[in-house]
Amino acid sequence: QVQLVESGGGLVQPGGSLKLSCAASGRNISIYDMGWDRQAPGKQRELVAKITSGGTTNYKDSVKGRFTISRDNAKNTVHLQMNSLKPEDTAVYYCYAARAVFVISWGQGTQVTVSS
């Protein structure tokens, strides 16, 4: 089973940028669709971005043009570049691996806080 570890979160000012990383082990991520979810306290977890095994990307409407998901299968990593961050982006961000509609694994999450 694939294990995922997120990193790169932190505190950033509105309008700033962060790059999240997801390191996978145990399996080659090339066989999976990969993505990022986020969850704020007391709120439902929501999909932020996903990238299929073939490289097709999809984004939550509110992050389109600001966030970019990418994958490096050779390094077994996935990234989420987040630009023009807004306070409403504050959440714990989770990397996931999936096959079809079934999520196989999530990481432990990394906190992103956007505040002045």
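Predicted model: local features only at pLDDT ≥ 70, side-chain atom pairs only at ≥ 80, totals over all residues.

Biologist: Where is alanine 100 placed?

Modeller: Alanine 100 is in the loop between strand 9 and strand 10.

Biologist: Which strands supply at least two residues of the lining?

Modeller: Strand 4 (33–39), strand 5 (46–51), strand 9 (91–99) and strand 10 (102–106) each do. Strand 10 gives the largest share, with three residues.

Biologist: How do the lining residues divide into nonpolar, polar and charged?

Modeller: Eight are nonpolar, one is polar and three are charged.

Biologist: Zooming out now. How many helices and strands are there in the protein chain?

Modeller: Zero helices and eleven strands. The chain is as compact as a globular protein of its length, because its radius of gyration is 13 Å, close to the 13 Å that the globule rule gives for 116 residues. Along its principal axes, the C-alpha trace spans about 40 × 25 × 25 Å.

Biologist: And what percentage of the residues is buried?

Modeller: Buried residues are 41% of the 116 in the chain. As for contacts with a separation of 6 or more, 56% of them are between residues 24 or more positions apart.

Biologist: On to the core. Which residues in the largest nonpolar core touch the most other members?

Modeller: Leu4, Met34, Trp36, Phe67, Leu80, Met82 and Tyr93, out of 28 residues in that core. Among the strands that each supply at least two residues of this core are strand 3 (18–25), strand 7 (67–72), strand 8 (77–82) and strand 11 (110–114). In soluble globular proteins, nonpolar side chains tend to be buried together.

Biologist: What about threonine 77, buried or exposed?

Modeller: Threonine 77 is buried, because its relative accessible area is 14% and the cut-off for buried is under 20%. Threonine 77 is in strand 8. Leaving aside neighbours within four places in sequence, threonine 77 is in contact with Cys22, Ala23, Ile29, Arg71 and Asp72.

Biologist: And leucine 11, buried or exposed?

Modeller: Leucine 11 is exposed, with a relative accessible area of 64%. Leucine 11 sits in strand 2 (residues 10–12). Beyond neighbours within four places in sequence, leucine 11 is in contact with Thr113 and Ser115.

Biologist: Last topic, backbone angles. What is phi of asparagine 76 near?

Modeller: Near 55°, which is a positive value in a residue other than glycine. Asparagine 76 lies in the loop between strand 7 and strand 8, and at 15% relative accessibility asparagine 76 counts as buried.

Biologist: And what is phi of serine 84 near?

Modeller: Phi of serine 84 is near 50°, again a positive value in a residue other than glycine. Serine 84 is in the loop between strand 8 and strand 9, and serine 84 counts as partly exposed at 40% relative accessibility.

Conventions
Residues numbered from 1 in each chain as written. Heavy atoms only, no water. Helix = DSSP H or I, 4+ residues; strand = E, 2+ residues; numbered from the N terminus. Nonpolar A, V, L, I, M, F, W, Y, C, P; charged D, E, K, R; others polar. Core = buried A, V, L, I, M, F, W, Y, C linked by side-chain atoms within 4.5 Å. Buried < 20%, exposed > 50% of the residue type's maximum accessible area, 1.4 Å probe, protein only. Rg over C-alpha atoms; globule rule 2.2 N^0.38 Å. Contact = heavy atoms within 4.5 Å.
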